[in-house]
Amino acid sequence: MTKLIAVLPGDGIGQEIVAEAVKVLEVLKSDFGLDIEMENGLVGGTAYDATGTPLPDETMELCKRSDSILLGAVGGYKWESLDIAVRPEKGLLGLRAGLDLFANLRPAILYPQLASASTLNAEVVSGLDLMIVRELTGGIYFGQPRGVRTLENGEREGYNTLVYKESEVSRIAKVAFDIAMKRDKRVCSVDKANVLECTEMWREVMIEEAKGHPEIELSHMYVDNAAMQLVRAPKQFDVMVTTNMFGDILSDCAAMLTGSIGMLPSASLDANGKGMYEPIHGSAPDIAGQNIANPLATILSVSMMLRYSLDQSEMADKIDAAVNTVLDDGKRTADIYTDGDIKVSTSEMGDAVVAALKA
Ligand code: IPM
Ligand code: MG
């Protein structure tokens with residue numbers, strides 16, 4: 001049956017990189033028989049400009065009836081002074097919450113061809129293959145109460161709430177354990193149980209949940225130490241599972257181990273495996289419109305979509321192989337370029353992946 005993919009380019013470089021990922025999907029459709037239709041929707045600042053809201057009802061409705069969602073990025077300088085309720089980021093958070101996409105998978109894999117592009121020593125990062133499982137619809141991002149209030153003395157006070165229900169922790173634990181079962185069977189749960197009661201409970205639920213997964217080796221780490229260990233000895237980790245906010249921070253850190261945040265895809269899944277797929281980098285307004293952004297994270301997000309939501313792992317393998325070929329050929333966008341490489345633009349990189357697919 002034909003699968004419907006909602007395509008939401010969003011803001012900034014989102015437009016350029018999604019265009020390249022769509023080229024890849026078009027080729028899989030025309031040359032390899034992938035049975036899909038694509039339909040575009042608005043989200044983020046571009047949606048706000050067109051409709052007055054970062055997440056129009058039409059977009060939500062499109063995403064609900066789609067089998068899968070491809071998203072570029074949201075945000076930009078232009079919208080930074082808007083009320084927080086209508087900022088582009090609310091569009092993304094609204095999609096995550098509205099579609100119950102609670103499990104965010106952020107793999108950090110070092111392509112051997114890019115070992116020299118990492119700011120860390122090659123021996124620290126070579127062979128890196130780590131999966132961060134970030135809880136995506138709870139925690140301090142969504143906790144109530146939240147806001148800024150004015151105290152009696154006239155001073156303002158800002159507050160957000162870190163809150164998790166046991167059920168939210170156990171379902172993300174299960175996702176992490178299931179993923180680890182297909183890998184090295186090691187899960188490190190990251191918390192701040194020495195200070196925050198909420199994450200002390202997180203740890204207890206992790207331990208409880210692990211009893212049902214006797215083959216999994218579960219360890220625990222405080223988030224500050226985890227940040228340090230990620231840059232000191234990242235290969236010690238197999239799967240890391242953590243809260244929404246800690247996962248946000250640690251996944252940027254892990255991305256940099258691989259040379260560029262421009263290389264990393266992500267999947268955000270609901271309980272039934274329906275997902276939204278997006279690069280983990282943002283909209284990069286500073287380089288938007290220049291055709292220099294790296295489209296590989298978005299192209300690799302399509303690969304994750306085929307694997308996790310559309311049951312097309314062979315097609316996913318084709319994309320992964322094509323990306324490898326392009327890197328073997330020395331083609332690099334500016335973010336992963338080092339002396340001696342062939343510098344290519346966003347669209348040239350997309351074309352190169354398409355050519356490798358067709359070869
Ligand atoms: C991410 C981003 C988002 C987040 C922003 C854009 C709301 O940083 O996906 O990591 O904080 O989750
Ligand atoms: Mg982030």
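Trainee: Leaving aside its neighbours within four places in sequence, which residues is threonine 242 in contact with?

Mentor: In this predicted model, and with those sequence neighbours set aside, threonine 242 is in contact with Val133, Arg134, Glu135, Val190, Trp202 and Gly247.

Trainee: Is threonine 242 buried or exposed?

Mentor: Threonine 242 has 0% relative accessibility, so it counts as buried, and its place is in strand S10, which covers residues 239-242.

Trainee: What lies 2.9 Å from a polar atom of its side chain?

Mentor: That is the backbone oxygen of valine 190, and Val190 is also listed among the contacts of threonine 242.

Trainee: And asparagine 244, where is that placed?

Mentor: Asparagine 244 sits in helix H9, residues 244-257, and it is buried, with a relative accessible area of 0%. Its side chain reaches the backbone oxygen of leucine 136 at 3.2 Å, and its contacts beyond four places in sequence include Leu136, Thr137, Tyr141, Phe142 and Tyr164.

Trainee: Switching to helices, at what angle do H1 and H10 cross?

Mentor: The axes of H1 (residues 14-32) and H10 (residues 296-308) cross at roughly 45 degrees and come within 8 Å; the two helices are therefore oblique to each other, and H1 passes H10 in a right-handed crossing.

Trainee: Which residues make that contact?

Mentor: From H1 they are Ile17, Val18, Glu20, Ala21, Val24, Leu25 and Leu28, while H10 brings Thr298, Ile299, Val302 and Leu306.

Trainee: How many of them are nonpolar, polar and charged?

Mentor: By class, the contact of H1 with H10 has nine nonpolar residues, one polar and one charged.

Notes: Residues numbered from 1 in each chain as written. Chains lettered and ligands numbered in written order. Predicted model: local features only at pLDDT ≥ 70, side-chain atom pairs only at ≥ 80, totals over all residues. Heavy atoms only, no water. Axes fitted to C-alpha atoms, helices over the stretch in contact; angles between N-to-C directions. Helix = DSSP H or I, 4+ residues; strand = E, 2+ residues; numbered from the N terminus. Parallel < 35°, antiparallel > 145°, perpendicular 65-115°, else oblique. Left-handed = near helix turned anticlockwise from the far one by under 90°. Contact = heavy atoms within 4.5 Å. Nonpolar A, V, L, I, M, F, W, Y, C, P; charged D, E, K, R; others polar. Buried < 20%, exposed > 50% of the residue type's maximum accessible area, 1.4 Å probe, protein only. Polar contact = N/O pair within 3.5 Å; in protein donor to acceptor, adjacent residues only side chain to side chain.
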